[in-house]
Amino acid sequence: SSNAILSPNMYLKSLEINGFKSFAGKTVLTFLPPRQGLQSITAIVGPNGSGKSNIADAIRWGLGEQSMKMLRGKKSEDIIFAGAAGKGRMSLGSVTLTIDNHDGLLPIDQEELTVGRRAYRTGENEYVINGHAVRLLDVQLLLARAQFGQGSYSVIGQGMIDQVLLSSPSERKELLDEAAGIREYELKRHQAELKLATS
Ligand code: ATP
């Protein structure tokens, strides 16, 4: 089955959104675990403009997405709750993903881990793994090892299938590289090249 190529055990256990886009208060979504080796499916329903896509944006952003276009915004503070009837705007937006790592796919000696991101209106951005401040690169490397990166097939957005079909060979290669697990080494090579260039 098509599920055989997925890791049947590593999964997004919960998502906490606070002050992100239309989510003013703390909102926690809990997802179902895999059952009988198959990933569970969660559907989010609601009227147009009620914030469904903002949830997908929260997952992308929490995984380190840098492109404001992918996040449907213009400037980085667009992701922070801007205020609504009766509620003032917030100065901080945060997202935390709790990932179940029973099968040890993520190279971390823990059955569960959290990956989080915080942004302030002042422009500061913080990345957090298991409550410890880390660099964006650390988040990218960790997720690359699990073939669970941002910006690729982990989050398939509206119109993305069309894009894949219409994409150039080099864009398509990026997708395959991540699926094949070599993204980690590309990130490391890039870091090494940057170091060499500045030394
Ligand atoms: P559709 O069905 O049209 O795709 P949707 O349910 O996916 O809609 P979203 O696009 O996720 O809805 O949400 C859009 C709503 O989020 C809009 O009402 C918009 O005003 C609100 N929104 C986006 N960014 C912010 C922000 N920074 N602060 C407050 N509200 C925001």
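Student: A polar contact is a pair of N or O atoms within 3.5 Å. How far is a backbone N or O atom of Ile80 from a nitrogen atom of the ligand?

Tutor: This is a predicted model. In it, 2.8 Å separates a nitrogen atom of the ligand from a backbone N or O atom of Ile80.

Student: How much of the ligand does the protein bury?

Tutor: The protein buries 67% of the 650 Å² that the ligand exposes when taken alone.

Student: Which residues come nearest to the ligand?

Tutor: There are 15 residues around the ligand, and those coming nearest are Gly49, Ser53, Asn54, Ile80 and Ala82. By type, the shell has 7 polar, 4 nonpolar and 4 charged residues.

Student: Changing topic. How many aromatic pairs are in the whole structure?

Tutor: The search finds 1 aromatic pair. Phe20 and Trp61 form a tilted pair, because their planes are at 45° and their ring centres are 5.4 Å apart.

Student: Where in the chain are Phe20 and Trp61?

Tutor: Phe20 is in the loop between strand S1 (11-18) and strand S2 (27-30), while Trp61 belongs to helix H1 (residues 52-62). The two are 41 residues apart, and their pair links distant parts of the chain.

Student: Are Phe20 and Trp61 buried or exposed?

Tutor: Both Phe20 and Trp61 are buried.

Student: Why does Lys21 count as buried?

Tutor: Lys21 counts as buried because its relative accessibility is 13%, and the cut-off is under 20%. Lys21 lies in the loop between S1 and S2.

Student: What does the side chain of Lys21 make a polar contact with?

Tutor: The partner is the side chain of Asp57, at 2.9 Å. Leaving out residues up to four places away in sequence, Lys21 touches several residues, among them Asn54, Leu71, Asp78 and Ile80.

Student: Back to H1. How many residues of H1 are buried?

Tutor: Of its 11 residues, 8 are buried, so H1 is largely enclosed by the rest of the structure. The buried ones include Asn54, Asp57 and Trp61.

Student: What do the buried residues of H1 pack against?

Tutor: They pack against S1, S2, strand S3 (92-100), strand S4 (112-120) and strand S5 (125-129).

Student: Which residue just after H1 takes a positive phi?

Tutor: Gly64 does, with a phi of about 105°.

Notes: Residues are numbered from 1 along each chain as its sequence is written. This is a predicted model: local features need pLDDT of at least 70, side-chain atom pairs count only at pLDDT 80 or more; totals for chains, interfaces and linings use all residues. Side-chain values use heavy atoms; hydrogens and water are left out. A residue is near a molecule or strand if one of its heavy atoms lies within 4 Å of it. A polar contact is a pair of N or O atoms within 3.5 Å; within protein, one must be able to donate a hydrogen and the other to accept it, and residues adjacent in sequence count only if both atoms are side-chain atoms. Accessible areas come from the Shrake-Rupley method with a 1.4 Å probe; for residues, only the protein chains shown count as cover. Ala, Val, Leu, Ile, Met, Phe, Trp, Tyr, Cys and Pro count as nonpolar, Asp, Glu, Lys and Arg as charged, and the others, Gly among them, as polar. Rings of Phe, Tyr and Trp (its six-membered ring) pair if their centres lie within 6.5 Å; planes under 30 degrees apart count as stacked, over 60 as edge-to-face and the rest as tilted. Helices (H or I, at least four residues) and strands (E, at least two) are DSSP runs, numbered from the N terminus. Buried means under 20% relative accessible area, exposed over 50%, partly exposed in between (1.4 Å probe, protein chains only). Contact means heavy atoms within 4.5 Å.
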